[in-house]
Amino acid sequence: MKLMNFRALGKATLVALFALGISGTEAFAQKGKWVTLFDGTSLDGWHSWKEDKVLPKWKIEDGALTLTEKGGKDLVTDKEYGDFILELEWKISEGGNSGIIFHVTEEAKYCCPYSTGPEIQILDDERHADSKAGKNGNHKAGSLYDMIPASDFSAVKPAGEWNKAKVIIKKGKGESWLNGKKIVTFPVNGPEWDKLVANSKFKTWDGFGVPQKGKIALQDHGDKVSFRNIRIKEL
């Protein structure tokens, strides 16, 4: 299927699109195409949780999107995503904790992204106490936090080094990849998902994991963390 171009449109349609602030790329973006969410130079397309801007604790340092210290709130995409492939690289500080949270909604009743959407853990497994919490290592890096542990704890690189993560959500199933290894597969809805929630800390959290479409959040857990080469493909 070819991308449409402006020559194929009537003048009235073009006027309407530009009046809404919709560019040609956005107007005709197709599923199955990679879209850059962070290019190393701009914070466009992001905002801090329940804010209309990115708070200053989030900075661009050496081409990486970096939480320099606590107080930036979780960084959230402006756009919502349902099924997708998300790729990014992350680097955690020594003793640090963060996460990638998906299907996030900013409804007033929620305190924070992790109260609404599931989390793929980012952690210094060697030094952070959370590495030894939870069940069977389900708080370690790459795990579906507090639900399913990574199948290979050796996949993660140590604090201060870049890790390449991939999250796939497609047709009710999810995958967490770390440095080229698929380390978690999980349901995102249905009876199997409900059982996971019932056996987790989220069992009494109203609405947790219910939305099947939402924003993506990068967590402010108070520790320095960096991200780069962030891109997404809608499925």
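The model is predicted, with local features needing pLDDT of at least 70 and side-chain atom pairs counting only at pLDDT 80 or more, while totals for chains, interfaces and linings use all residues. Residues are numbered from 1 along each chain as its sequence is written, and side-chain values use heavy atoms, leaving out hydrogens and water.

**The core**

Let's start inside. A nonpolar core here is a set of buried Ala, Val, Leu, Ile, Met, Phe, Trp, Tyr and Cys residues joined through side-chain atoms within 4.5 Å. Buried means under 20% relative accessible area, exposed means over 50%, and partly exposed is in between (1.4 Å probe, protein chains only). The largest nonpolar core has 46 residues, and L86, W90, L218, F227 and I230 touch the most other members. Strand β6 (residues 84-92) gives the most to this core, with 5 residues; strands (E, at least two residues) and helices (H or I, at least four) are DSSP runs numbered from the N terminus. There's also a second, separate core of 6 residues, with W49, V76, I101 and A217 among them. In soluble globular proteins, nonpolar side chains tend to be buried together.

F227 is worth a click. Skipping neighbours within four places in sequence, F227 is in contact (heavy atoms within 4.5 Å) with a list that includes F38, W58, L88, W90, W162 and L218.

**Strand β6 and F84**

Of the 9 residues in β6, 8 are buried.

| β9 (residues 163-170) | 7 bridges | I169 |

Rings of Phe, Tyr and Trp (its six-membered ring) pair if their centres lie within 6.5 Å; planes under 30 degrees apart are stacked, over 60 edge-to-face, and the rest tilted. F84 sits in β6 and F102 in strand β7 (residues 97-104), 18 residues apart, so the pair links distant parts of the chain.

The whole structure holds 9 aromatic pairs. Ring pairs also tie Y114, Y145, W193, F202, W205 and F208 into a cluster.

Charges turn up over rings too, meaning NZ of Lys or CZ of Arg within 6 Å of the ring centre and within 35 degrees of the ring normal. K166 lies over the face of W177, 4.3 Å from the ring centre. The charged end of R231 sits over W34, 3.7 Å from the centre of that ring.

The model has 1 disulfide, counted as a pair of cysteine sulfur atoms within 2.5 Å. C111 is joined to C112, S to S 2.3 Å. C111 is exposed, at 54% relative accessible area, whereas C112 is buried, at 12%.

Where does T116 lie? T116 is in the loop between β7 and β8 (119-123). T116 is buried, at 0% relative accessibility. Beyond neighbours within four places in sequence, T116 is in contact with H103, V104, T105, Y110, G207, F208, G209 and P211.

Conventions:
Two strands pair if DSSP finds at least two bridges between them.
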